[in-house]
Amino acid sequence: MRHILNTNTAEEPAADKHLEEEKQQKEKRDIKTLVLVSSLMSLCCIFMSIVNIYKHSDLLFSTILGAVLFLAAAVACWLSKSRRVGTSIAAVAVAVMFSWYAVTGGNDGFAILWILLVPSISLLACGFREGLFLSVYFALFLMALFYTPLRQYLQYDYGETFLFRFPLLYCIDMATSLAGFRIKDKFQEENQRYKLKLLSYNDDLEEEVKKQTTKVKNFSRQLISALAKTIDAKDRYTNGHSERVAEYARMLAAEMGKSKQEQEQIYNIGMLHDIGKIGISEEIINKTTKLTEEEYHIIKTHPLIGANILENISEMPEIAIGARWHHERYDGKGYPDGLKGEDIPEIARIIAIADAYDAMASNRSYRKVLPQSTVRSEIQKGRGTQFDPEIADLMLRLIDRDTEYHMKESGPSLS
């Protein structure tokens, strides 16, 4: 069996970890079972000792010693966390008790029954190595006890017929027990083979799921990027705006201590925050002169258009948040819903300041990139009115860290 397992684990290294975990779990179960069985056997021996005291039986010594040894087996197994230690002590307890029973004859010849069941009981209760040792020990012990001058110390007359048939009966029982144990061993081997195949299949399946998940993520990322470029393409003066806003938003999320997964989510939301501009005519978006009141009203509808486009994406329900509320102000004077303070979703508050920052740090049709000091001053001025003060402080920290003013249009991302 060891050879088969080694071969399979060599062929299926991915299952090695699973087998080791299973082995550890089985060891823990075996230890708990042995502790429980040994404790119950100790209690049984205590009860039998009480009965033997009452009956003045010669078996009192064996039952008291059995109680002590079985209790020692339970304690040793529990403390050492080793099945072998507990099994060895339990085997000694069985050997002592049954040896004494063989001498005294048990109760009215009951020893005859368990003598013939020693091999099967030993192999079943103690395992192959300890069970085989006990079986051989009892075979030699009983042969010496029955067929040598030691017979004079027997306190029970087993009868000539039993003594004549004992070797054959014991050998039959031992052969049957070994055959049964071998069948169980073969079953365990087949079971292990099946588990190895199942684990290998499971690992292959998990790997395939990971590959497909990666493909879906890559496709989603590429699709979002394509949509963002489509949005930015409508405005020739803000090329790359969505990607920069998404990156600044991710940097703010990192400053806030958010997880990598949350940062990625905020990045995707930032990429599509202006998707509603798809519904606005290019004449209005690219107009270089001052917008009329009607045109400005049309521009202000793009958050609602974006939210309507994105709200049916059930796999990412948060993605519509940035689109709808990135023009809300902390003082409640923003649009489209006039939300105020903490009523504005945190994601939208992050996108809002990232959007405003890029608007100042990028070229526009009516001006060039603003100086970094001016951008910082405007963020500071909008703290608590236009922007969430805590998120504004984080943006100011990023600006102060960006000594070379890389955070601007055509500039590399801040590391």
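Ile50 is exposed, with 53% relative accessible area; here buried means under 20% relative accessible area, exposed over 50%, and partly exposed in between, using a 1.4 Å probe and protein chains only. The model is a predicted one, in which local features need pLDDT of at least 70 and side-chain atom pairs count only at pLDDT 80 or more, while totals for chains, interfaces and linings use all residues. Residues are numbered from 1 along each chain as its sequence is written, and side-chain values use heavy atoms, with hydrogens and water left out.

Ile50 belongs to helix 2 (residues 16–55); helices are DSSP runs of H or I with at least four residues, numbered from the N terminus. Together with Leu36, Leu40, Leu43 and Ile46, Ile50 makes up a nonpolar surface patch with about 490 Å² of accessible area. Such a patch is made of residues with over 30% relative accessible area and no salt bridge, the nonpolar side chains (Val, Leu, Ile, Met, Phe, Trp, Tyr) being joined within 5 Å. The areas come from the Shrake-Rupley method with a 1.4 Å probe, and for residues only the protein chains shown count as cover.

Among the buried residues of helix 3 are Ser62, Gly66, Leu69, Phe70, Ala73 and Cys77. Just after this helix, Lys81 adopts a positive phi of about 55°.

The interior can be followed through its nonpolar cores, each a set of buried Ala, Val, Leu, Ile, Met, Phe, Trp, Tyr and Cys residues joined through side-chain atoms within 4.5 Å. The largest has 44 residues, of which Leu252, Ile353, Tyr357, Ile379 and Met395 touch the most other members. Elements giving two or more residues to this core include helix 7 (160–233), helix 8, helix 14 (346–360) and helix 16 (389–401). Helix 14 provides the largest share, 9 residues. Apart from this core lies another, of 28 residues, with Leu69, Phe70, Ala90 and Ala91 among them.

Helix 8 (residues 241–255) also holds Arg244, which counts as buried at 12% relative accessibility. Leaving aside neighbours within four places in sequence, Arg244 is in contact (heavy atoms within 4.5 Å) with Asn239, Asp358, Ser362, Lys408 and Glu409.

Charged pairs complete the picture. With a salt bridge taken as a side-chain nitrogen of Lys or Arg within 4 Å of a carboxyl oxygen of Asp or Glu, the count comes to 14. One of them joins Lys277 and Asp274 at 3.4 Å, N to O, and both residues are buried. Another, between Asp400 and Arg376, has an N to O distance of 2.7 Å. This pair links distant parts of the chain, as Asp400 is in helix 16 and Arg376 in helix 15, 24 residues apart. Asp400 is partly exposed at 43%, and Arg376 is partly exposed at 28% relative accessibility. The side chains of Arg383 and Asp393 likewise form a salt bridge (2.7 Å, N to O). Because Arg383 lies in the loop between helix 15 and helix 16 and Asp393 in helix 16, the pair ties together parts that are 10 residues apart in sequence. Finally, salt bridges that share partners join Glu247, Arg250 and Glu264 into one network.

Terms used. Patches are made of residues with over 30% relative accessible area and no salt bridge: like charges are joined within 9 Å, nonpolar side chains (Val, Leu, Ile, Met, Phe, Trp, Tyr) within 5 Å.
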